[in-house]
Amino acid sequence: MKIRLVQQGAWDMPVDSMPLAVGYLKAVIDADVDFRGEVEAEISNFRGGAQLQDMAKELLSGEIPDVLAFSVLGWNYRQFGALAETFKQVNPRGLVVFGGNHVAHQSERVFRDFPWVDVVVNGEGEHTFHELLTHLLEHREFDPVHVRGISYRRPDREHHTTPDRDRIEDLDVVPSPFLTGAIPMADAAGNFRYDVALMETNRGCPYKCSFCYWGGAIGQKMRSFSAERLAAELDLFGYYKAPSLVLCDSNFGLLEADEEFVELVIKTKEKYGYPQALITSWAKNKSPRFYNIVRQLKQHGLHGLFTLALQTLDDAALTDMLRKNMKVNQWESMVDWLHEEGLECYGELIWGAPGETVESFLRGYDRLAKKVSRIAVYPMLLLPNTAYSENREVHGFVTIRGEDDDFEYVLANRTSTLAENMEMQRFVFWARVLGEQQFLRHTWRPLLDVLEMGQSQVIQSLKAYFERSDDPAAAAFLAKIPVIAESPAIAGALRSLHSQPELRELVRRWWLEEIVPAFPERWREFAAALYEFEGWSRQVYVEPGGEPPPGWRDVERDGGHWYESDPVSLRYDMPTALENWPGTLESGPQEEPTTLVFSARPGYYENLDNYETASMHLATPRRVPG
């Protein structure tokens, strides 16, 4: 029996994403001695930008599989449904299985949308899929009524759902997809083949936030993998020089085991020099354990993004989100501590939550921006298996499915109208480009402190400048802004800004024409130099096979490849002025001609779609003596 396990990454990148979900399934299949010689599983791992016809060619060229099993999420639901239809034409007796949070407990819709899907897995899939394959081997007639945790089409085409399966208590019974070789680590040249290493240290979530299916769909009780297993997996990642480790945990820093895990990561880095970064979803309620972990990461040079997953600062919206009493809402002191420690922090907000208005959202945005200039703003989604989705009528949600995905985007609710949402989506678009993606990052504090210009006002200013411009480049850029500020649109905007000098010139003109004159006269030359410094501080965008942009060159440094700028002369010592900003603000700008050279890691082009890794490619300055 030939099994094809299919996964597709979210990001349109020229490198693979790690196929963790189907890797677990293959590891379970490979570990069963009774399956040997009877069942053969193969992974088909597609990149986010893979075209439907190319995927069909890979899946259906050569020997046709007997079972096609898809790990389904919102970004691949439609494409996988189309592939399933084609597969059924080629192999009418073949079995199509859908699993994943986007389809779990949603079989009525799945079977209606895709009559060629046979099984939907509800919940964790490792044991369920194994039992389903056992049933196929042992029974001529397909009617797996004794397999718990599935919805399926019976031979009479009626739908049947079996009782839920208990969560896996001992996670170590699931073989490691890394240690077993189910997921290959290296490419043909022997290099680590993925953008990041994905890893679970535990499963579950103790919270039930209304917008999130982590608690509702995955289960409340948290269960952990053993330290011995995690140590062995980390050693493998270190050996293959995985640059970044991304944890698929819901609340890292909540458990005592998380401190032990960080010690293992540190030992791995000391042994191999990798991983160099740890990225995760942090515990919502920060405890002494969190602060200790953060200090340990900093002490050992492990880059990390520390997320304030606030979602909203409005009390009415927090109540509807079931997050009113979370300690995460008492966030100011934690941000102050992170700044004192010299650590990077960014905030997350959601636009479109019930209880939120345009005014309350912008107030909250600017309040957060006074402490944290980098803010990721996401459009509100109605995800399956969430309280919001189950109570959509109560909240008056109006939604639309994405252009390129199957997510339900909120267009209106009981506290914000359709017209308000349409305008705010354009604000979210610009906020994500300028703030979340750090196209502007050094300018926010001077604008706030000198001009009392909040971050939302700055964003609205550039937005308005583009909208009233008669420049063809502005018109072409605006024409590409979609109704919903989806991530593919943000990535597309960034690629345009980095690759088209005329667009960057428009942003520069906005700064010189609208912003610089607003500064007091003694600050204006400083403001002009600030934007020049900003431009050199961005990532270096180089397309495959291309050359660095003017003013940049390739260099070898510290045993690796870097981009380095030509010397840049400024009238002000901008790094010192910004590092000691309170003093600069008090004394005013002091002219001090300074020459800088900027350095940036290569690879931004490949990582642009992923804001978590894109920030690691920002350029940094160093002074040139004399």
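Reader: Is R154 buried, partly exposed or exposed in this model?

Author: The model is predicted. R154 has a relative accessibility of 26%, so R154 counts as partly exposed.

Reader: Which side chain does R154 meet in a salt bridge?

Author: The general idea comes before the case. Side chains of opposite charge can pair when their charged atoms come close. Here R154 meets D143, with 3.4 Å from N to O. The two residues are 11 apart and link distant parts of the chain: D143 sits in the loop between α5 (126-138) and β6 (150-153), and R154 in the loop between β6 and β7 (159-161). D143, at 27% relative accessibility, is also partly exposed.

Reader: Which residue forms a salt bridge with D235?

Author: K271 does, and the closest N and O atoms are 3.0 Å apart. Because D235 belongs to helix α7 (residues 227-239) and K271 to helix α8 (residues 256-272), this pair ties together parts 36 residues apart in sequence. D235 is partly exposed at 29% relative accessibility, while K271 is exposed, its relative accessible area being 55%.

Reader: Where in the chain do R553 and D566 lie?

Author: R553 is in strand β19 (residues 552-557), and D566 is in the loop between β20 (560-565) and β21 (568-570), 13 residues apart. Their side chains form a salt bridge of 3.1 Å, N to O. R553 has a relative accessible area of 33% and is partly exposed; D566, at 36%, is partly exposed.

Reader: Which residues are linked in a network of salt bridges?

Author: The network links R109, D113, R392, R401, D406 and E408.

Reader: How many salt bridges does the count come to?

Author: The count comes to 41 salt bridges.

Technical notes
Residues are numbered from 1 along each chain as its sequence is written. This is a predicted model: local features need pLDDT of at least 70, side-chain atom pairs count only at pLDDT 80 or more; totals for chains, interfaces and linings use all residues. Side-chain values use heavy atoms; hydrogens and water are left out. A salt bridge is a side-chain nitrogen of Lys or Arg within 4 Å of a carboxyl oxygen of Asp or Glu. Helices (H or I, at least four residues) and strands (E, at least two) are DSSP runs, numbered from the N terminus. Buried means under 20% relative accessible area, exposed over 50%, partly exposed in between (1.4 Å probe, protein chains only).
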